[in-house]
Amino acid sequence: MPSITLADLNPEQREAVLAHDGPILILAGAGSGKTRVLTYRIAHLLADRGAPPEGTLAVTFTNKAAAEMRERVSALVGDRKHLPWVGTFHAFCARVLRREAHLLGYTPSFSILDEADALAIVRQVLNEANLPDPPPAEVLRSRIEQAKNEGTLPEEMAEAATSTRERTIAELYRLYQQRLREMNSMDFGDLILLVYRLFETDRSVLSRWQQRAQHLLVDEYQDTNHAQYLLVRALSAATSNLFVVGDEDQSIYRWRGADIRNILDFERDYPNALILKLEQNYRSTKTILAAAGAVIQNNRERKPKQLWTENATGEPVTYYTARHERDEAEYIAREIVRLLEQGMRPADIVIFYRVNAQSRVLEEALMRHRLPYYIVGGLRFYDQREIKDLVAYLRVIANPADGLSLARAIGAPPRGIGAKTLEVIAELSAREQISMFEALGRLESESRVALRIAKQASNLYSWLRELMGRVSAMSVRAILDQIIARSGFENYLASMPDAKVRLTNLSELLAAADAFDAEHAEGGLGEFLEQVALVNDADQVDAGGGRITLMTLHTSKGLEYPVVFITGMEEGLCPHLRPQDNDHEIEEERRLVYVGMTRARRLLYLTNALSRELYGNRQDTIPSRFLSEIEHNLMRRIAPEYISSSFVRPPPREPYVDYSDSQLPEAEQGTEADFNIGAKVYHPTFGLGVVKRREGRGDGAKAWIAFERGGLKLLMLKFANLRPIAD
DNA sequence: GTCGGGTACTTTTTT
DNA sequence: AGTACCCGAC
């Protein structure tokens, strides 16, 4: 008798939840309740089938999805402690590698490089190789990434090479990999590839981790790449209790190596697999579903599937044509004002675009109408310069071999140590077989380096060295405080032109460290750095605190909103086309639009502009082919009269509506009086909160604030970027 | 040698 | 529009 109640599942969902052991593929259409099926299945395995939590593993696409799933499973089984591990592929692999690093010639405190770091290493490798006709760094980087996504090592790439060019690329890949190893660093692709290779070569390690994956569940299976596929296969080989959920119509990461065949060929790879379809949609109106279906059915690379819903017919899809992008943004802003007047809340509304560059105009329009919004993605918090600088110090402390971070830390604030001296450091490190960090401390014996500079270097070396000895007993916040104090980082930021923003970012980083420390023991630096490296854009969704959301179509996966605007429905932009693109790329763009459309619950707007300026030049546009794939009776067409005339006017020079800058709202920085005890405030990261206690005054004024998300925090009013909220 | 300012150049999506 | 790189000033 199951203790998990399955009453609120439909028959197909229930079948999926209760299905026997063995490989199972759930083809879950958009909005068909796949997250529900996954969580119920996990709960059922734990509560009614005796699956051990420590032997159960669930892989999701984002950290946020993982957190949600953990939450929901724990609510179902009524146990907060004995839960399975849930996280992303990359987080799982990072965890494996921390444990097994020594087997691969790394230490457990290896650094995880982001894309910019990886590209910097590629540049270094290219420079040192000094080839007569080198491939562009970006090309080489993407070839390496591609190889890793395919599960290919440098030697294998070299063997498969059929041309000199290919052999060169393979050799450069080898050198790149060697350099990463020297720096005790890995890129994203390594996390997956190295784990898979380790499993392949070391059976005892494999079986140890197979113990952890007696039940393996994978969400968003359509977006796994070949390396991830191999990894999943290896992990689940002992029991074959593999449960994957996916929808080939929502595969939108082909360009990143996602292999749609992983889902299309599941039956072939697992001949005894049970395959179930979830086709009832609980999210959207009949009209929205029909419109989305009309678009996606033009794809050839898919299994036929018919979504249906018992939901109401709803409103027609609005198709608005604007003269230009300002007009498009203005229409959206006014429409939102109208929706809000009808009782819709800002948090119900989302605006999607194909490329981040489109967000600017939309922002401006929302600002003009004083509409609260926030942007998911774009420049990530941890990608901002001052944040990367400080994180570089942390990375050097955790991993002295990380020469890239060392170079970064040395330059921020500037210490008179530049490119030439760094060369000497690198050379010394190679000659003496010591880390870059150790070399930093030995410059005084180098006659090539001016004494003044060598003194600077050894000063930096000694206080970092001293700090390294203590970090295992320190909180991340304490380490950061030390770094900031010793390096003079605050003065450095204060001297910059946009000092205010940067200091605010600094205090956000400190707050993030506090939040981390609250949940971890001292010595958690490595874990903190891992978190920093592996956060993704989608993780910030919901941090908006009741505002309108803006994001790319890619980031929208897995989310839903009552009202959805999809902007820029134009050939070249959506679908985003490049000259060499073929049918495969068009199909991916179509899936992307399909994903966007199926996020909508009640209202869907599609907009285009007849003329658009992007990246600094203006062009006339052609409406997206996807618009013409939707039956006209599903749409309400809004196009200004002049558009129906036979010619299209050139874009106006003047702004559509002239709002002077003076009308832009001031960034509302409350005065101290706004933060009295009991006052409600809003913080960009922690959301809504209430002031509980005050300390200090003037520039040093601080407040204890209880946030909805993130709990109680002590923040400096000067930096915290708090907005007072009226009751 | 280092650093800041100017110029020239290139634009998808991101774990 | 934003960034990478180069060059001239300290």
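**Entry 1: helix 14.** I listed the buried residues of helix 14 and got T287, I288, L289, A291, A292, A294, V295 and I296. Buried means under 20% relative accessible area, exposed over 50% and partly exposed in between, with a 1.4 Å probe and protein chains only. Helix 14 covers residues 286-296, and eight of its eleven residues are buried. I then looked up what these buried residues pack against: strand 9 (317-324), helix 26 (583-597), strand 14 (600-614) and helix 27 (625-628). Contact here means heavy atoms within 4.5 Å. Helices (H or I, at least four residues) and strands (E, at least two) are DSSP runs, numbered from the N terminus.

**Entry 2: ground rules.** I noted that this is a predicted model, where local features need pLDDT of at least 70 and side-chain atom pairs count only at pLDDT 80 or more, while totals for chains, interfaces and linings use all residues. Residues are numbered from 1 along each chain as its sequence is written, chains are lettered from A and ligands numbered from 1 in the order in which they are written, and side-chain values use heavy atoms, with hydrogens and water left out.

**Entry 3: chain A.** I found 28 helices and 21 strands in chain A. Of its 727 residues, 53% count as buried.

**Entry 4: DNA strand B.** I counted 25 residues around DNA strand B, the closest being R354, G416, G418, T421 and N536. A residue is near a strand if one of its heavy atoms lies within 4 Å of it. Helix 19 (residues 419-432) gives the largest share of this surface, three residues.

A phosphate oxygen of DNA strand B is 2.9 Å from a polar backbone atom of N356. Another entry gives a phosphate oxygen 3.3 Å from an N or O atom in the side chain of T555. For H554, a side-chain N or O atom is 3.2 Å from a base oxygen.

**Entry 5: aromatic pairs.** My search of the whole structure found twelve aromatic pairs. Rings of Phe, Tyr and Trp (its six-membered ring) pair if their centres lie within 6.5 Å; planes under 30 degrees apart count as stacked, over 60 as edge-to-face and the rest as tilted. The F266 and Y270 rings have centres 4.8 Å apart and planes at 35 degrees, so I wrote them down as tilted. Both F266 and Y270 are buried. Y393 and W463 have ring centres 6.2 Å apart and planes at 20 degrees, so this pair is stacked. Y393 lies in helix 17 (residues 385-398) and W463 in helix 21 (residues 451-468), so the pair ties together parts 70 residues apart in sequence.

Notes
Polar contact = N/O pair within 3.5 Å; in protein donor to acceptor, adjacent residues only side chain to side chain.
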